[in-house]
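Please open the model in your viewer and keep the selection tool at hand. The stops below move from one selection to the next, with a short account of what is found at each.

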Amino acid sequence: MGEEKKLDFRPNEFASLIPFLIFIVITIILTFINASDLNMMIGAGLIGLMVGMFFCKNWTDYWQAVIEGLGSTSAMTAVLIWLVVGMFGGILKAGHIVEGLVWASDLVGIKGAGFTVFTFIASAIFATATGTGFGTIATMGFIMYPAGLLLGANPIFLAGAILSGAAFGDNVAPVSDTTIISATSQEYETREGVADVGGVVRTRLKYALIAAGIAIVLFGIFGGASTSVDTQEASRLLKDYMRPEGLLLLIPTAIVIIMAVKGINLFIALTFGIVTAVVIGLPTNLFTFSELIRIEGNAVLGAIPEGVSGMVTVSILLMVVVAMGQLLIKSRCMSTTVEWLNKKVIRDPRSTEISIWGLGTAFSILIAAINTIAIICAAPFVNAIGKITKIHPYRRANLLDAVCCSWPFFVPYGGCVLLLIGTMESVASTYPFVTPLNPNSVFFTVFYSWILWIIMFIAAVTGWGRAFEGKDGEEIVSSRNRIPEDVEKFGSINM
C-alpha cells in the first residue's frame, strides 16, 4: 500500500490546530464565567471544525477525515463502554449504595477529623463503584457535607475529602471515563491494539493507594473543627439517609473491579456486574422494577434509560474532539510535532515521561472544566511521543490519567470545584447552618490530587514503575532508569 494522502492546510500543517484552539478558548471562557455546558462544548467543537475547513485546501477531503475520526475504533469503543457504564451506575445509585455508606458511618460513631477521613473513604468507594467523579461530588456534597459540619468536621478539609474521594475513583475505577479514555487512546507500537483497561488499573493502583494513604493521614490531622456541634441535629440528619442494605451493592462493584483487573473484557465484567446488581436489588427491595425502567405517558423513565442518557452528550463530545485529532494526524501536524520533540526535548525515557507529565498538566489546567476532555485532547500527543522510546501503553495511560485527575479537582475554576460549591448553595436552602465556601478555599485541601500529581512526577524522574513495550507488545519493567537492549535499537536516542 502507498503512503496515506496528506491533508494540506494553509499556510502549513499547523493550521489543523485551529479547530482545537477554538474549542479550548471557548471552553476556558465558559469555565471562567461559570457557564460550563457540555452541549455548548459540542457546539464549540463544531464551530472549530467549520472554521478550520477554510484553512484546508480540499474541503471534501477535510470532512472525510472528520468522519473517519468520528467513527474511529478508539472513539466507538469508549462510547459503548460509557453507555454500559451509565446503565451500571444508574442501577447502583437507585439501589441506595450511598445510604449504606452513611449507615456505616453512624454505626462506627465517628465525628470530627474521623468523619472527614470517612468521607474521603466513602467518596472513594462510591466513585470507584460508579466511575463518576461529578456524580460523587454532587451526591456526597448533598449528604456528607452537611452531616460532617454537624459532626465537627473542618469545612474546607471536608470539602477537600469529597473532592479527593471523587478524584481517587475517577483515577482507578475500571468504569471511569478517564480510565477508559486514557487506556483506549494508547496504542501498541509492535502489534495491533490499545491498552486494556484492566491492565492499566492494575499497574496504577500502587500510585493511587500510596497517595490515598498519605491523604488519609493528612485528613486525620487537619480534618477536625474547633467549633461545637449539634449532635442531636446531626443524628437526625444522618437517620434520614440510612439504608444498611445498600451496602449489598458493593458486591457487584467488587465483581466488576476484580474481573477487570484480572484482564477479563470490560464489557463482560460490566454485564456480570449489572446482572448481579439486579439479582441482589430486586428481592431485597433496594429498588423495584419500575424504578429501573417504566413508561409514563410517552416517556420511558428509570435508572437504566436515565443512566444511558446521562452519557450520550459526553459521548458525542468525545467523538467531536477525536475527529479534531484526526485532522492533526492527516495533516501530519502530529508527526511534525513529534519529530521536533524527538530532536529538541526527548532524549531518553525520563525526558519522555516528564514531557507526558507536563503535557497532561498543561491540558488539565487549560481545560479544567471536565478532566475527561483534557485527557482526550492530550492523548494523541502522549500516544505519539510515548512510542518514540517505547514507553509501555499502560505507563503512558497512567501518567496521563493521574495528572488529569489532579488540577481539575482543586483549581477554583475547575468543573469539580464549581459543582461542589453549587451543591453547597443548594444544600444551604435546606440546612441554614451550611455556608457555601469560596472556590479558592479548597485549593490546598484536596490532598489526594496534589499528592498523586507529585508522586507521578517523582515516578517520571526516578523511573519508579517505568515499563517498556517488548517485541510482541509485552511489558518489560525497568528496575533502573535505563532502556532495555531491544528498546535501544528503536530510533535515535541519546542517553
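Throughout this tour, a residue is called buried when its relative accessible area is under 20%, exposed when it is over 50%, and partly exposed in between, as computed with a 1.4 Å probe on protein chains only. The model is predicted, so that local features need pLDDT of at least 70 and side-chain atom pairs count only at pLDDT 80 or more, whereas totals for chains, interfaces and linings use all residues. Residues are numbered from 1 along each chain as its sequence is written, and side-chain values use heavy atoms, with hydrogens and water left out.

**Salt bridges between separate elements**

A salt bridge here is a side-chain nitrogen of Lys or Arg within 4 Å of a carboxyl oxygen of Asp or Glu, and a search of the whole structure finds six of them. Helices, for their part, are DSSP runs of H or I with at least four residues, strands are runs of E with at least two, and both are numbered from the N terminus.

Select Lys330 and Glu68 to begin with, whose side chains meet in a salt bridge at 3.2 Å, N to O. Lys330 belongs to helix H15 (residues 303–330) and Glu68 to helix H3 (residues 59–70), so the pair links distant parts of the chain, 262 residues apart. Lys330 is buried, because its relative accessible area is 13%, while Glu68, at 34%, is partly exposed.

Next select Lys387 and Glu187, which form a salt bridge through their side chains at 2.9 Å, N to O. Because Lys387 lies in helix H18 (residues 371–388) and Glu187 in the loop between helix H9 (177–184) and helix H10 (197–222), this pair ties together parts that are 200 residues apart in sequence. Lys387 has a relative accessible area of 16% and is therefore buried, whereas Glu187, with 35%, is partly exposed.

**Around helix H17**

Move to Glu353 and Arg395, where the side chains meet in a salt bridge at 2.8 Å, N to O. Glu353 is in helix H17 and Arg395 in helix H19 (residues 393–404), so the pair joins parts that are 42 residues apart in sequence. Both Glu353 and Arg395 are buried.

Is Ser351 buried or exposed? Ser351 counts as buried, because its relative accessibility is 8%. Leaving aside residues up to four places away in sequence, Ser351 touches Val345 and Ile346, contact meaning heavy atoms within 4.5 Å.

**A helix pair**

Two packed helices are described by the angle between their axes and the distance between the axes. Select helix H6 (residues 113–130) and helix H8 (residues 155–172), which pack at an angle of about 30 degrees with their axes 7 Å apart. H6 is therefore roughly parallel to H8, a label used for angles under 35 degrees, with over 145 being roughly antiparallel, 65 to 115 roughly perpendicular and the rest oblique. Residues making the contact include Phe115, Phe120 and Ala124 of H6, and Phe157, Ile162 and Phe168 of H8.

**A last stop**

Finally, select Arg332 in the loop between H15 and helix H16 (333–344). Arg332 is partly exposed, because its relative accessible area is 29%. The C-alpha atoms of Arg332 and Ser16 are separated by 9.1 Å, although these residues are 316 residues apart along the chain.

Terms used:
Axes fitted to C-alpha atoms, helices over the stretch in contact; angles between N-to-C directions.
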